[in-house]
Amino acid sequence: MRLTIFGATGGTGTHLVRQALERGHEVTAVVRDPSRLDVPAGDRLDVVTADVMDPAAITPAVAAADAVVSALGHRGTGPTTVCQDAARGIIAAMTKTGARRFLMVSAAGMVTDPGDGPLTRYVAKPILQRILRNNFADMGRAEEEVRGSDLDWTIVRPPRLTDKEGAGRYRTATDRSIRGGVHISRADLATGILAMIPDDATVRRHVWIAH
């Protein structure tokens, strides 16, 4: 496949780029600072420097993509519109070019779901939602942008991310949370996302993923 990846210099994005290349895909990594991309150059890797908030700047990067993945996020805890603005820019660029398949990494912690156990629902998530209220509000608005689009979207909701080596295994659930799913490595998250891309059952669905 021809994949366009936003957030390619982040933890999850780096794994996505590396694993996609290992699987033989062609990758366009859209970055703001190419020096931060920790992936060796290669014939199947195209690095594009562009501002994701500018649809015109990123339009060429998504024009020929079989799928577009956003692993963007906000590093701080203050008020932000990064995720919403990025989603809006990507959607506009994809709509203009006719690209259809879009996967966006969100967060499991922002949503309280019937699948949550009592400890998660009444203790862990309320604490997390207070600490990360600005981040989650931004992600929520980004999700609304995605759901309101005409794209073949998948919203991916992982729990706490770790930098452990990939275990090569993970659990997923569609439109509901995963009981006991409190963490996942970025490597396994990337593996799961790549597996979702051609899976029609994940189109226009929210997919939880966890160990």
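The buried residues of helix 5 are Asn135, Phe136, Asp138, Met139, Gly140, Ala142, Glu143 and Val146. Buried here means under 20% relative accessible area, exposed means over 50%, and partly exposed lies in between (1.4 Å probe, protein chains only). Helices are DSSP runs of H or I with at least four residues, strands are runs of E with at least two, and both are numbered from the N terminus. The model is a predicted one, in which local features need pLDDT of at least 70, side-chain atom pairs count only at pLDDT 80 or more, and totals for chains, interfaces and linings use all residues. Residues are numbered from 1 along each chain as its sequence is written, and side-chain values use heavy atoms, with hydrogens and water left out.

Helix 5 has 15 residues. From its first C-alpha to its last, helix 5 reaches 21 Å, close to the 21 Å expected at 1.5 Å a residue. The expected span is 1.5 Å times one less than the number of residues.

Helix 5 (residues 133–147) packs with helix 3. Their axes are 7 Å apart and the angle is about 15°. Helix 3 is therefore roughly parallel to helix 5. Axes are lines fitted to C-alpha atoms, for helices over the stretch in contact, and angles run from 0 to 180 degrees between N-to-C directions. Angles under 35 degrees count as roughly parallel, over 145 as roughly antiparallel, 65 to 115 as roughly perpendicular, and the rest as oblique. The crossing of helix 3 and helix 5 is right-handed. A crossing is right-handed if the near helix is turned clockwise from the far one by less than a right angle, and left-handed if anticlockwise.

On the helix 3 side, the contact is made by Val82, Cys83, Gln84, Ala87, Arg88 and Ile91. On the helix 5 side stand Asp138, Met139, Arg141, Ala142, Glu145 and Val146. Contact means heavy atoms within 4.5 Å. By class, this contact has seven nonpolar, one polar and four charged residues. Ala, Val, Leu, Ile, Met, Phe, Trp, Tyr, Cys and Pro count as nonpolar, Asp, Glu, Lys and Arg as charged, and the others, Gly among them, as polar.

Helix 3 (residues 82–97) also meets helix 2 (residues 55–62). The axes of these two helices come within 8 Å and cross at roughly 55°. Helix 2 and helix 3 are therefore oblique to each other. Their crossing is right-handed. Helix 2 contributes Pro55, Ile58, Thr59 and Val62 to the contact. Helix 3 contributes Gly89, Ile90, Ala92, Ala93, Met94, Lys96 and Thr97. This contact has seven nonpolar, three polar and one charged residues.

Lys96 of helix 3 is exposed, with a relative accessible area of 67%. In sequence, Lys96 and Val207 are 111 residues apart. In space, their C-alpha atoms are 26 Å apart.

Ser149 is found in the loop between helix 5 and strand 6 (152–157). Ser149 is buried, with a relative accessible area of 10%. Ser149 and Pro60 are 89 residues apart along the chain, and 20 Å separates their C-alpha atoms.

Arg204 lies in the loop between helix 6 and strand 10 (205–210). Arg204 is partly exposed, at 32% relative accessibility. Its phi is near 55°, a positive value in a residue other than glycine. Asp175 likewise has a positive phi, near 60°, and is not a glycine. Asp175 sits in the loop between strand 8 (171–174) and strand 9 (183–185). With a relative accessible area of 38%, Asp175 is partly exposed.

Helix 1 (residues 11–22) has twelve residues. Helix 1 reaches 17 Å from first C-alpha to last, close to the 16 Å expected at 1.5 Å a residue. Thr12, Gly13, Thr14, Leu16, Val17, Gln19, Ala20 and Leu21 are buried in helix 1. These buried residues pack against strand 1 (2–6), strand 2 (26–31), strand 3 (45–49), strand 4 (67–70), strand 7 (160–162) and helix 6 (186–196). Thr12 has a relative accessible area of 7%. Neighbours within four places in sequence aside, Thr12 is in contact with Ala71, Leu161, Arg186, Leu189 and Ala190. Gly24 follows helix 1, and its phi is positive, near 90°.
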